[in-house]
Amino acid sequence: MSAAILLWAITFAQIALAIAMALALTRMIKGPRAQDRVLGLDTLYVNSMLLLLVFGMRTGNTLYFEASLIIGILGFVATVALAKFLMRGEVIE
Amino acid sequence: MNHFDDLPLWAACLIAAFLFIGSGLTLIGSFGLHRLRSFYDRIHAPTLGTSWGTAAIVLASITCFSMLQSRPVFHEILIGIFVTLTTPVTLMLLGRAALYRDRVENNPGVPALDPPEGILDQSSQTDKSESAQQDDGKPE
């Protein structure tokens, strides 16, 4: 019983997060200006991090937690570097 | 999925509720990012996913692994703390960059950088000197 409830909930969460990633990807592709694309990339990173957490719950393996932590750190660094580039024209001055 | 059979029913219902809340809020936030009109509207939408979307999924993961391993497992809280700390920083930087670009291109609907005459005081003069320094380093 509990396994069925959890499987349905995890499947729903995976589908919802995949649709969210697709929406962020469309914003990143068609975004009218550069800051819209950077915002779409940031949302895509966060959604993929959450999707990996849900995937780790499905398999019962704690290794996915570390992968999602690395994705979160890389997303933060990438978005800060891109925002700095949009502001100043170069990343490291 | 054998490892879910050991869970009690209340834990499964709790995890399922957290998963529904978290993934639904993240989906609503990304839909807002897709749907809203201007950039300054759009920058608010993904914070739905980074605040309660992340918190609910992290809580579901903590509950799941604590029940599966029969001991308190709290390392997922690192992701929650990290996302909570870094999201305001990235969005502030991105919003300031977008505001700067809009001001340089003189787009309508953006508050002007120079304050009107007569209300100049010490702080706004330092703001103007800072913005002048920023103009020097800008190639566009």
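The legends below describe close-up views of a predicted model. Local features need pLDDT of at least 70 and side-chain atom pairs count only at pLDDT 80 or more, while totals for chains, interfaces and linings use all residues. Residues are numbered from 1 along each chain as its sequence is written, with chains lettered from A and ligands numbered from 1 in the order in which they are written.

**View 1. The side of chain A that touches chain B.** In this interface 47 residues of chain A are in contact with 54 residues of chain B, contact being defined as C-beta atoms, placed from the backbone, within 7 Å. Helices H1 (2–30), H2 and H3 (63–88) of chain A each supply at least two residues of that side of chain A; helices here are DSSP runs of H or I with at least four residues, strands are runs of E with at least two, and both are numbered from the N terminus. The largest share, 17 residues, comes from H1(A). By class, the side of chain A that touches chain B has 29 nonpolar, 12 polar and six charged residues (nonpolar: Ala, Val, Leu, Ile, Met, Phe, Trp, Tyr, Cys and Pro; charged: Asp, Glu, Lys and Arg; polar: the others, Gly among them).

**View 2. Helix H1 of chain A and its buried residues.** The 29 residues of H1(A) should span 42 Å at 1.5 Å a residue, which agrees with the 42 Å between its end C-alpha atoms; the expected span is 1.5 Å times one less than the number of residues. Buried residues of H1(A) include Leu6(A), Ile10(A), Leu17(A), Met21(A) and Arg27(A), where buried denotes 20 or more other C-beta atoms within 10 Å of the residue's own, exposed 12 or fewer, and partly exposed the range in between. The buried residues of H1(A) pack against H2 of chain A together with helix H1 (9–35) of chain B.

**View 3. The crossing of H2(A) and H3(B).** The axes of H2 (residues 34–59) of chain A and H3 (residues 47–69) of chain B come within 10 Å and cross at roughly 15°. That makes H2(A) roughly parallel to H3(B) (under 35 degrees is roughly parallel, over 145 roughly antiparallel, 65 to 115 roughly perpendicular, the rest oblique). Among the residues making the contact are Leu50(A) and Leu53(A) of H2(A), and Ile57(B) and Cys64(B) of H3(B). The contact comprises eight nonpolar, seven polar and no charged residues.

**View 4. The surroundings of Thr43(A).** Thr43(A) lies in helix H2 of chain A and counts as buried, with 31 C-beta neighbours inside 10 Å. Leaving aside residues up to four places away in sequence, Thr43(A) touches Ala24(A), Ser30(B), Leu33(B), Pro46(B) and Gly49(B).

**View 5. The packing of H1 and H3 within chain B.** Chain B has five helices and zero strands, and buried residues make up 30% of its 140 residues. The axes of H1(B) and H3(B) come within 8 Å and cross at roughly 160°; the two helices are therefore roughly antiparallel to each other. Phe18(B) and Leu25(B) are among the H1(B) residues that take part, with Trp52(B) and Met67(B) among those of H3(B). The contact of H1(B) with H3(B) has 16 nonpolar, eight polar and no charged residues.

**View 6. Ser70(B) in a loop.** Ser70(B) is located in the loop between H3 and helix H4 (77–104) of chain B. Although not a glycine, Ser70(B) has a positive phi of about 60°. Ser70(B) is exposed, with 8 other C-beta atoms within 10 Å.

How values were computed: Axes fitted to C-alpha atoms, helices over the stretch in contact; angles between N-to-C directions. Contact = placed C-beta atoms within 7 Å.
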